[in-house]
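Open the model in your viewer and keep the selection panel at hand.

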Amino acid sequence: MTDAVRRAAEAAARTSYGRLLALLAARCGDVALAEDALADAFERALRTWPVGGVPADPDAWLSTVARNRVRDVVTGAAARRTVALDPQHHDPGLLDRIEPGTLEDRRLELMFVCAHPAVDPAARTPLMLNTLLGCTAEQIAGAFAVPKSTMAARLTRAKKRIRQARIPFRVPDRAELPARIDAVLEAVYGAFAIDWHTTGREPRESLAGEALYLAEVLTEVLPDDPEAHGLAALIELCTARAPARRDAEGRYVPLEQQDRAVWDAELIARGHEHLRRAHLFATLGRYQLEAAIQAAEGADADPAVLLDIHRALHRLAPTLGSATSLAAAVARVDGPAAGLAVLDLEVGEQAFQPAWATRAHLCAALGRNEEAHAAYTRAIDLSHGAAERGFLAEARDALRR
Amino acid sequence: MRYAFLIHHAEPADGEIPAEAIEEMRRAFGAYGRALQEAGVLVGADILAGQQASTTVTRRNGSSQVQDGPFAATKEALAGVFVVDVPDLDVALGWAEKCPAASYAVLEVRPVATSCVAGEWT
């Protein structure tokens with residue numbers, strides 16, 4: 001099993017947690033209270049099940065105990081005495097025994113709450129990871145490269161705000177739905193983009209598996225949204241290549257030199273299936289285009305076709321990332337000088353690592369070694385990962401030979 | 001649940017706003033007030049006089065202090081307050097967006113923590 005698939009499997013085991021929490025939080029409107037009550041129910045299960053046996057319907061048991069706990073707290077019937085659920089100490093197998101199919105699914109409502117316009121954008125992705133997957137503040141802090149206390153405070157503030165302002169657990173009306181779905185997609189994409197666009201993290205801190213799982217959940221609860229399928233396809237196709245992105249020594253390997261035998265075929269197949277589903281709706285979107293680029297690159301498509309998709313993407317959703325990819329695509333078709341012209345026009349001097357790495361490669365291809373050297377140095381300074389830094393430093397040293 | 005819409009904007013000088021614009025806004029606020037009333041969500045609404053008319057009261061330092069002028073002189077000042085009683089934040093935001101003041105001012109939508117109804121705090 002590849003690392004990505006193992007992570008996805010782990011994430012899937014958290015389905016029960018996300019479903020139970022969504023159900024409880026939707027009922028009481030208070031995420032923190034729902035978490036406490038659920039942790040309390042799990043704790044009680046750990047004490048009583050080994051003695052009295054596992055109940056016939058464990059999820060109903062947990063849901064009932066947690067709901068009673070919420071009621072006790074709300075009515076002040078009990079003093080608070082809960083501990084947070086800790087997978088390190090509490091039996092993780094417990095979650096496997098729960099059959100969540102019988103519970104009402106309110107995860108979409110929870111996702112809309114996490115990505116509500118009244119919630120700080122910087123808290124939306126962490127909140128989804130924390131509530132739908134049960135990731136701890138410490139794990140999320142690691143992935144976002146912020147101190148644990150900072151992330152914990154951000155999550156606490158957001159949950160307090162959801163309760164105080166009474167942000168509703170509901171699917172928005174038709175009129176506001178498109179903008180609200182965009183915010184949800186953006187937040188799920190955020191979990192994936194930590195890895196992808198900042199080039200930042202070491203593999204052990206990666207949230208690729210979690211992003212994959214969130215995207216899959218989103219297609220389950222929003223089966224008729226083409227962009228939800230597009231996003232799932234994008235994350236699957238990128239994650240499928242993760243094992244090939246580093247060689248045996250842990251060095252970064254660019255796409256064209258990757259060993260395709262280690263790409264995850266099952267994930268690629270799932271990505272293509274989502275892309276096909278998305279195309280059925282015949283409406284174009286940013287995530288579908290990004291996924292189409294990944295699919296085309298993986299299938300060695302004609303560079304001219306790829307250039308067309310990059311152009312469409314940059315028109316539809318211009319970002320530093322889309323501009324840089326467009327420059328690289330132009331360079332493949334019309335030569336490095338044409339690619340550089342796109343970078344000059346669209347990105348300029350901005351501090352964006354992939355743009356500087358691309359600029360360095362293009363300058364080197366044109367024999368402009370001094371500029372290439374300076375651009376490599378800038379890209380190395382902007383890289384967070386040791387593998388990437390090593391790859392760029394090697395390319396920079398090769399200029400001298 | 002009660003929400004207050006706190007309207008903030010830079011106060012215009014006397015005569016800065018043309019009479020016809022004031023009249024148009026008065027009609028818009030009239031329609032908005034009737035819409036809130038018909039929907040049964042209106043608790044009360046007041047548009048405030050300019051902050052030069054404001055007096056600040058505090059006992060934060062022990063004894064009662066009454067000062068002329070607003071709490072803090074800022075460019076944007078509190079200009080009015082609506083209080084609505086609606087089920088949740090989305091409904092409150094929906095009404096706030098429809099408020100004519102949203103066209104020239106920033107509305108801060110804040111949950112009411114506790115209210116005094118007929119002399120009793122809820």
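Start by selecting Val188(A). Leaving aside residues up to four places away in sequence, Val188(A) touches Met128(A), Ala211(A), Leu214(A), Ala215(A), Leu218(A) and Leu231(A). Contact here means that the C-beta atoms of two residues, placed from the backbone, lie within 7 Å.

Before moving on, note the ground rules. This is a predicted model, in which local features need pLDDT of at least 70 and side-chain atom pairs count only at pLDDT 80 or more, while totals for chains, interfaces and linings use all residues. Residues are numbered from 1 along each chain as its sequence is written, with chains lettered from A and ligands numbered from 1 in the order in which they are written.

Now widen the selection to the core. Which residues touch the most other members of the largest nonpolar core? They are Leu24(A), Val188(A), Ala211(A), Leu214(A) and Leu231(A), in a core of 128 residues. At least three of its residues come from each of domain 1 (3-222) and domain 2 (302-398) of chain A; the domain bounds come from an automatic or database domain assignment. A nonpolar core is a set of buried Ala, Val, Leu, Ile, Met, Phe, Trp, Tyr and Cys residues joined through C-beta atoms within 7 Å. Buried means that 20 or more other C-beta atoms lie within 10 Å of the residue's own, again placed from the backbone. In soluble globular proteins, nonpolar side chains tend to be buried together.

Select all of chain A and switch to cartoon. Chain A has 20 helices and zero strands. Helices are DSSP runs of H or I, at least four residues; strands are runs of E, at least two; both are numbered from the N terminus. Of the 401 residues in chain A, 44% are buried.

Next, chain B. Chain B holds two helices and eight strands, in the order β-α-β-β-β-β-α-β-β-β. Of its 122 residues, 16% are buried. The C-alpha trace of chain B spans about 45 × 40 × 25 Å along its principal axes.

The chain B average is 84, and 93% of the residues score at least 70. Confidence in chain B is highest in helix 1 (residues 19-39), at a mean of 92, and lowest in strand 4 (residues 65-68), at 72.

Finish where the chains meet. Six residues from chain A and five residues from chain B make the contact. For the complex, the predictor gives an ipTM of 0.71 and a pTM of 0.76.

Note on methods. pLDDT = per-residue confidence, 0-100. Buried ≥ 20, exposed ≤ 12 C-beta atoms within 10 Å, placed from the backbone.
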